[in-house]
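This report describes one protein model, its domains, its ligand shells and a few backbone details. The sequence and structure come first.

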Amino acid sequence: MPQPLATRAPAKINLTLHVLGRRADGYHDLESLVVFAGTGDDLWLVPGDKLALEVTGPTAPLAGSHADNLVMKAARLLAERVERLKVGTFHLTKRLPVAAGIGGGSSDAAAALRLLARLNGLPLSHPALREAARLTGADVPVCLEPRARMMRGAGEEVGPGLNLPRLFALLVNPRVPVETPTVFRALGLQPGQGLTAAAHPTPEASSPDALLAMLREARNDLEPPALKIQPLIGEALSLMRETDSCRLARMSGSGATVFGLYDDCEAAAKAARQIRHLKPDWWVKATSLR
Ligand SMILES: C[C@](O)(CO)[C@H](O)COP(=O)(O)OP(=O)(O)OC[C@H]1O[C@@H](n2ccc(N)nc2=O)[C@H](O)[C@@H]1O
Ligand SMILES: Nc1ncnc2c1ncn2[C@@H]1O[C@H](COP(=O)(O)OP(=O)(O)OP(=O)(O)O)[C@@H](O)[C@H]1O
């Protein structure tokens with residue numbers, strides 16, 4: 001039996017997300033500070049002759065059919081670009097909420113590409129890998145090497161890794177799916193229409209307080225349209241802002257997951273208890289971000 005290869009697919013959090021306009025191809029130009037959580041899905045690859053996928057875990061039933069799974073899409077796109085690519089059976093343990101603004105499917109797809117790169121001795125900078133990532137979805141390139149970075153364009157421009165201070169966070173999802181295209185559409189921009197918004201502040205790495213001050217100058221432009229589509233996001237934000245010593249609460253990506261930032265892991269864990277008590281059915285996770 002060949003040795004399985006394993007990797008974590010961490011949740012992606014957009015600490016900021018500025019929409020600069022809508023391109024002629026319909027996609028939106030973004031500027032986003034992206035970080036990754038200590039929580040996520042797990043992916044294994046057992047080398048074998050055929051490409052296959054098994055999905056287990058608490059949110060597996062919500063992740064759609066195997067044929068449409070982004071793990072398979074990414075693997076197929078890579079196999080089309082690399083001759084005699086060694087493949088196998090992926091085993092995905094799905095824990096993250098689905099259609100939640102934390103890039104679950106994108107991070108799984110990027111994890112699949114990392115495992116295939118390892119199995120085939122390909123560097124992560126290999127053009128076929130980069131292209132497979134980009135064609136799988138807008139969030140996949142930034143998830144390929146999961147660490148804090150600025151993401152630009154429609155997601156295809158990924159900046160250098162940033163050494164940000166570790167943040168202590170609470171992630172809350174009211175367990176309602178929110179579809180990304182619906183939220184972008186609700187911005188109401190026409191193809192080719194630009195926005196004249198304030199420039200994105202430069203990510204600040206000198207201390208947690210400096211980073212928080214920078215984050216407060218920025219925003220998530222998808223939050224207002226998402227709140228109209230799914231009012232539970234507003235309720236999640238309000239509950240989070242009422243938890244003891246919450247420093248900042250904001251939505252990630254296109255929602256519905258919201259994150260709160262705290263001074264230490266005890267404060268984040270206490271806030272998790274407060275929200276779980278009020279909303280026992282919601283997904284509530286204290287974690288760190290970097
Ligand atoms: C909102 C974010 O999660 C922020 O990181 C991403 O921009 C979305 O990334 P994603 O879910 O991987 O997006 P995709 O699956 O590639 O695209 C889904 C749909 O979202 C819209 N979309 C996505 C990315 C982007 N920059 N502009 C868009 O308008 C398009 O309608 C697209 O058809
Ligand atoms: N491995 C996967 N995990 C979750 N969803 C998947 C996966 N593969 C395909 N999907 C499909 O992708 C859609 C988006 O799910 P996902 O959890 O990636 O959204 P998201 O968290 O909003 O992502 P993003 O933040 O990148 O917009 C779902 O409708 C789901 O059926």
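## Basis of the description

Helices (H or I, at least four residues) and strands (E, at least two) are DSSP runs, numbered from the N terminus. The model is predicted, so local features need pLDDT of at least 70 and side-chain atom pairs count only at pLDDT 80 or more, while totals for chains, interfaces and linings use all residues. Residues are numbered from 1 along each chain as its sequence is written, and chains are lettered from A and ligands numbered from 1 in the order in which they are written.

## Annotated active site

UniProt, in an unreviewed entry, gives the annotation "active site" to Lys12 and Asp139. UniProt positions are given in the numbering used here, feature names are shortened, and annotations may be inferred rather than shown by experiment. The two residues are spread over 128 residues of sequence but cluster in space, with a largest C-alpha distance of 8.7 Å.

Lys12 is found in strand 1, and Asp139 in the loop between helix 3 and helix 4. A residue is buried if 20 or more other C-beta atoms lie within 10 Å of its own, exposed if 12 or fewer, and partly exposed in between, with C-beta atoms placed from the backbone. Lys12 counts as buried because it has 27 C-beta neighbours inside 10 Å; Asp139 is buried, with 27 other C-beta atoms within 10 Å. Two residues are in contact if their C-beta atoms, placed from the backbone, lie within 7 Å. Leaving aside neighbours within four places in sequence, Asp139 is in contact with Lys12, Gly103, Ser106 and Gly155. With residues up to four places away again not counted, the contacts of Lys12 include Val34, Phe36, Ile102, Ser107 and Cys143.

## Two domains

The chain is divided into domain 1 (5–158) and domain 2 (167–289), with bounds that come from an automatic or database domain assignment. Their centres, taken over C-alpha atoms, are separated by 22 Å. Domain 1 puts 30 residues into the contact and domain 2 puts in 37 residues.

On the side of domain 1 that touches domain 2, the elements giving two or more residues are strand 1 (5–14), strand 2 (18–22) and strand 3 (28–48). Strand 3 gives the most, with eight residues. By class, this side of domain 1 divides into 17 nonpolar, 10 polar and three charged residues. Here Ala, Val, Leu, Ile, Met, Phe, Trp, Tyr, Cys and Pro count as nonpolar, Asp, Glu, Lys and Arg as charged, and the others, Gly among them, as polar.

## Ligand shells

A residue is near a ligand if its C-beta atom, placed from the backbone, lies within 6 Å of the ligand. Ligand 1 is surrounded by 18 residues, the closest being Gly137, Ala138, Asp139, Ala154 and Gly253. Strand 3 and helix 5 (180–186) each supply at least two residues of this shell. The shell around ligand 1 has seven nonpolar, 10 polar and one charged residues. Both domain 1 and domain 2 give residues to the shell around ligand 1, so ligand 1 lies between them.

Around ligand 2 there are 20 residues, of which Gly64, Gly104, Gly105, Asp139 and Gly253 come nearest. The elements that give two or more residues to this shell are helix 1 (70–79) and helix 2 (104–120). Helix 2 gives the most, with four residues. Seven nonpolar, 10 polar and three charged residues make up the shell around ligand 2. Ligand 2 also lies between domain 1 and domain 2, because both give residues to its shell.

UniProt places the feature "domain: GHMP kinase N-terminal" (unreviewed entry) at residues 69–144. This span is 54% helix and 9% strand, and its end C-alpha atoms lie 17 Å apart.

In helix 1 the buried residues are Leu70, Val71, Ala74, Ala75, Leu77 and Leu78. They are on the same side of helix 1, because they cover an arc of only 160 degrees around the axis, the arc being that of the directions from the helix axis to the C-beta atoms. These buried residues of helix 1 pack against strand 4 (52–56), strand 5 (87–93), helix 2, helix 3 (127–136) and helix 4 (140–143).

## Backbone details

Most residues other than glycine have a negative phi, and most peptide bonds are trans. A cis peptide bond joins Gly255 and Ala256, with omega about 5 degrees; Ala256 lies in the loop between strand 9 (248–251) and strand 10 (258–262).

Arg175, a residue other than glycine, has a positive phi near 60 degrees. Arg175 is placed in the loop between strand 8 (167–173) and helix 5, and is partly exposed, with 16 other C-beta atoms within 10 Å. Ser245 is not a glycine either, and has a positive phi of about 55 degrees. Ser245 lies in the loop between helix 8 (232–242) and strand 9 and counts as partly exposed, with 14 C-beta neighbours inside 10 Å.
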